[in-house]
Amino acid sequence: SQLVTLKVYDVIGNKVATLVNEEKPAGNYEVEFNSNSSEGWKLASGIYLYKLQAGSLIETKKMILLK
């Protein structure tokens, strides 16, 4: 088991949501992103970045939110 975090950021680097922040064993997982921020407000359509950290793995990728 290792700490896994999955966070969503806007294009200027502000964190808008934390989707995962827990210990998980190795494996494949799915996470549903309902386009709400961590505070509960709806995110606008546009480009966002997500950052996945699992142990020593750190990946940041771009995603497009379309409504």
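Helices (H or I, at least four residues) and strands (E, at least two) are DSSP runs that are numbered from the N terminus. Read along the sequence, the chain then follows the pattern β-β-β-β, with zero helices and four strands. The structure is a predicted model, in which local features need pLDDT of at least 70 and side-chain atom pairs count only at pLDDT 80 or more, while totals for chains, interfaces and linings use all residues. Residues are numbered from 1 along each chain as its sequence is written, and side-chain values use heavy atoms, with hydrogens and water left out.

**The chain as a whole**

Along its principal axes the C-alpha trace spans about 35 × 20 × 20 Å. The chain has 67 residues, of which 25% count as buried; here buried means under 20% relative accessible area, exposed means over 50%, and partly exposed lies in between (1.4 Å probe, protein chains only). The chain exposes about 4,900 Å², and carbon and sulfur atoms supply 51% of that area, where accessible areas come from the Shrake-Rupley method with a 1.4 Å probe and, for residues, only the protein chains shown count as cover. If a contact is taken as heavy atoms within 4.5 Å, residues 24 or more positions apart account for 33% of the contacts in the chain with a separation of 6 or more.

**The sheet**

Strands of a sheet pair through backbone hydrogen bonds, either parallel or antiparallel. In this report, two strands pair if DSSP finds at least two bridges between them. The four strands form an open sheet in the order E2-E1-E3-E4, with antiparallel pairing. Its edge strands are E2 and E4 (57–65), each of which pairs on one side only. Neighbouring strands of this sheet are turned by 15° against each other on average, direction ignored; for this angle, axes are lines fitted to C-alpha atoms (for helices over the stretch in contact), and angles run from 0 to 180 degrees between N-to-C directions.

Strand E1 (2–10) and strand E2 (15–24) run antiparallel and are joined by eight bridges. These two strands form a hairpin with four residues between them, and Gly 13 in the turn has a positive phi of about 95°.

**Buried and exposed residues**

The table gives the relative accessible area of several residues.

| Residue | Class | Relative accessible area |
|---|---|---|
| Val 8 | buried | 0% |
| Ser 37 | buried | 7% |
| Lys 24 | buried | 18% |
| Glu 22 | partly exposed | 39% |
| Val 11 | exposed | 58% |

Val 8 lies in strand E1. Leaving aside its neighbours within four places in sequence, Val 8 is in contact with residues including Val 16, Leu 19, Phe 33, Tyr 48, Tyr 50 and Met 63. One of these, Tyr 48, is 40 residues from Val 8 in sequence, yet the two are 6.8 Å apart in space, C-alpha to C-alpha.

Ser 37 has its place in the loop between E2 and strand E3 (46–54). Not counting residues up to four places away in sequence, Ser 37 touches Val 16, Ala 17 and Leu 43.

**Charged and nonpolar side chains**

Side chains of opposite charge can pair when their charged atoms come close. The structure holds one salt bridge, a term for a side-chain nitrogen of Lys or Arg within 4 Å of a carboxyl oxygen of Asp or Glu. In it, the side chains of Lys 24 and Glu 22 meet at 3.1 Å, N to O.

Val 11 lies in the loop between strands E1 and E2. Together with Ile 12, Ile 47, Ile 64 and Leu 66, Val 11 forms a nonpolar patch on the surface, with about 570 Å² of accessible area together. Patches are made of residues with over 30% relative accessible area and no salt bridge, with like charges joined within 9 Å and nonpolar side chains (Val, Leu, Ile, Met, Phe, Trp, Tyr) within 5 Å.
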